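Let's take a friendly walk through a protein model, from its surface to its strands and then to its inside. Have the picture open as you read.

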Amino acid sequence: MAPLLEIKGLKTYFSTDEGLVRAVDGVDLRIERGETLGVVGESGCGKTVTALSIMRLIPEPPGKIVEGQILWEGRNLLDLPPAQMRKIRGKEIAMIFQEPMTSLNPVFTIGEQIAEAIRLHEGDNRREALKKTIEMLRLVHMPNPERRVKEYPHQLSGGMRQRVMIAMALSCHPKLLIADEPTTALDVTIQAQILELLNELKAKLGMAVMLITHDMGVIAETAQRVVVMYAAKVVEEASVTTLFKEPLHPYTQGLLNSVPRIDLAATERRRLQAIPGVVPRPADFPPGCRFNPRCPHVMGVCVEKEPVLREMKPGHKVSCWLY
């Protein structure tokens, strides 16, 4: 069976005063029906722009999808007219944005904002939409949903606003949910509740999830497969078990080594390792492998030629000259 979503050679560029910014530069990935795909990497590596490209929410200008295909159940979303794309966006593919306070409109109640999506895609009248809104808030474990529908975003805590965003995204029962760092700016207890809620709703509704994060702990807990991005490209792809057991790319190894190990803290005094340097600016990528200025295994070929993503074992791909 064909994947639910397949991205081939996606390139999304932005024209700026500093020059051409290659925010996504040749990304390939796929999402199967019912799975959770984790997309991980440092800030600025192209994770969010990839998600916005899938939703066709790149502001034009300055941005533009210049090349590639985004195949949704076999249809290329880039070929669809805006009216058809609006029917898919929110109905078949939904997205939870990174910061719930800026994503919610402060002058409308949360009930009005969730009901708007239901009326638009389901064609329900106001009374039916409000009833479904209360049901959705109950589904995401919002306390006292009948009262909350009349409240404004500033009256809710961060965790409650995130639940509202999830309820809004799931109100039309999408086949794919894109969650862009859904636990950012939340305390650890609320983070755990939100992740548990996403897993519960995924099982209940039978949808696929694309989970964007920079937290390897979140990936270990929720995803089945992982795509590691660096400097606008995919550098490694594997199942969660394989990636944590046998990371191949030096960048993936660096990410895993920078996670504190609680299991070893009592027996070993080990200094936490950091990846030296910073992610290169998208307007000024280094020649060859984009990780070469920070890589401990850099060779001559790394500076001269860019590696391609190769399958080393079934389901495990890496883009590195070491292999």
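## From the surface to the core

Tyr323 has a relative accessible area of 36%, so Tyr323 counts as partly exposed. Keep in mind that this is a predicted model. You can find Tyr323 in the segment that follows β12 (316-318). Together with Met299, Met312 and Leu322, Tyr323 makes a nonpolar surface patch of about 330 Å².

Now look at the strands.

| Strand pair | Direction | Bridges |
|---|---|---|
| β1 (residues 5-16) and β4 (residues 63-72) | antiparallel | 8 bridges |
| β4 and β5 (residues 75-76) | antiparallel | 2 bridges |

Which residue stands opposite Leu5 in β4? It is Trp72. Trp72 also has a bridge partner in β5, namely Arg75. β4 and β5 form a hairpin with 2 residues between them. In the turn, Glu73 has a positive phi of about 50°.

Next, step inside. In soluble globular proteins, nonpolar side chains tend to be buried together. The largest nonpolar core here has 36 residues, and Ile93, Leu176 and Ile178 touch the most other members. Strand β2 (residues 19-31) gives this core its largest share, 6 residues. Apart from this core lies another one of 35 residues, including Leu104, Ala115, Met142 and Ala169.

Note on methods
Residues numbered from 1 in each chain as written. Predicted model: local features only at pLDDT ≥ 70, side-chain atom pairs only at ≥ 80, totals over all residues. Heavy atoms only, no water. Patch = residues over 30% accessible without salt bridge, like charges linked within 9 Å, V, L, I, M, F, W, Y side chains within 5 Å. Areas by Shrake-Rupley, 256 points an atom, 1.4 Å probe, with all protein chains shown as cover. Salt bridge = Lys/Arg side-chain N within 4 Å of Asp/Glu carboxyl O. Helix = DSSP H or I, 4+ residues; strand = E, 2+ residues; numbered from the N terminus. Buried < 20%, exposed > 50% of the residue type's maximum accessible area, 1.4 Å probe, protein only. Pairing = 2+ DSSP bridges. Core = buried A, V, L, I, M, F, W, Y, C linked by side-chain atoms within 4.5 Å.
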